[in-house]
Structures are given as C-alpha cells and as structure tokens.
Amino acid sequence: MAHPKRRHSNTRTRTRRAHDFITPKSLSACSHCGAKNIPHRICPQCGYYKGKQRVTLKVKEDKKK
Ligand SMILES: [Zn+2]
C-alpha cells in the first residue's frame, strides 16, 4: 500500500481548512409582516415584495377532508 512520503505541516493543513467554514445567511425583515426572509425575494409568509402583494399564497389545507 502506498503511503504519504512526508507529513503535512500544521500550516499546510490550516491553510487548506481556511475555506471550510460556513457563514450564516443574511436575512432581512419583511416590511409588511416582519417575518425574516432572504433579501430581494418575495416574502414567503405574506407574498409581499416592495410594498405590493405580488403573489397570492395558497392557504394550507388539512390532509383530512
Ligand atoms: Zn411578509
């Protein structure tokens, strides 16, 4: 079986892992309902964007009818 010839230095390992972090996604509050949503998107809670109703959202129906 092949083996690594040399041990990696701590710096080489840390340099590789420098990009391995996750940044939290930035969220903004909806101007209509105040719910947090992704910026520049229609609000998934109320369907408003830039002060107007853009999408009429379907009301959740019960599974039992
Ligand atoms: Zn909203």
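A contact here means heavy atoms within 4.5 Å. The model shown in these views is predicted.

**View 1. The protein chain as a whole.** The protein chain has 65 residues, and buried residues make up 9% of them. Its secondary structure comes to 1 helix and 4 strands, which run α-β-β-β-β from the N terminus on. Among the contacts in the protein chain with a separation of 6 or more, 0% join residues 24 or more positions apart. The protein chain exposes about 7,000 Å², and carbon and sulfur atoms supply 53% of that area.

View 2. The SG atoms of C30, C33, C43 and C46 coordinate the zinc ion at 2.2 to 2.3 Å. The 4 donor atoms subtend angles of 107 to 113 degrees around the zinc ion, so the arrangement is tetrahedral. Along the chain, the donors follow the spacing C-x2-C-x9-C-x2-C. The pair C33 and C43 links distant parts of the chain, the two residues being 10 residues apart. C33 lies in the loop between strand 1 (28-29) and strand 2 (36-37), while C43 lies in the loop between strand 2 and strand 3 (48-49).

**View 3. Accessibility of C33 and C43.** C33 has a relative accessibility of 39% and therefore counts as partly exposed. C43 has a relative accessibility of 1% and therefore counts as buried. The cut-off for buried is under 20% relative accessible area.

**View 4. N37 and the residues around it.** N37 lies in strand 2. Its relative accessibility is 7%, so N37 counts as buried. Leaving aside residues up to four places away in sequence, N37 touches L27, S28, A29, C30, I42, C43 and P44. Two of these names, C30 and C43, also belong to the donors of the zinc ion. N37 and L27 are 10 residues apart in sequence, and their C-alpha atoms are 5.5 Å apart in space.

**View 5. A nonpolar patch on the surface.** The patch is formed by I42, V55 and L57, which together have about 210 Å² of accessible area. I42 is also one of the residues that N37 touches. V55 is placed in the segment after strand 4 (52-53). With a relative accessible area of 33%, V55 is partly exposed.

Definitions and conventions:
Residues are numbered from 1 along each chain as its sequence is written. This is a predicted model: local features need pLDDT of at least 70, side-chain atom pairs count only at pLDDT 80 or more; totals for chains, interfaces and linings use all residues. Side-chain values use heavy atoms; hydrogens and water are left out. Patches are made of residues with over 30% relative accessible area and no salt bridge: like charges are joined within 9 Å, nonpolar side chains (Val, Leu, Ile, Met, Phe, Trp, Tyr) within 5 Å. Accessible areas come from the Shrake-Rupley method with a 1.4 Å probe; for residues, only the protein chains shown count as cover. A salt bridge is a side-chain nitrogen of Lys or Arg within 4 Å of a carboxyl oxygen of Asp or Glu. Buried means under 20% relative accessible area, exposed over 50%, partly exposed in between (1.4 Å probe, protein chains only). Donors are N, O and S atoms within 2.8 Å of the metal (3.2 Å for Na, K and Ca); water is not among the atoms, so sites may look incomplete. Four donors count as tetrahedral if all angles lie between 85 and 135 degrees; four count as square planar and six as octahedral if opposite donors are over 155 degrees apart and all others between 65 and 115; anything else is irregular.
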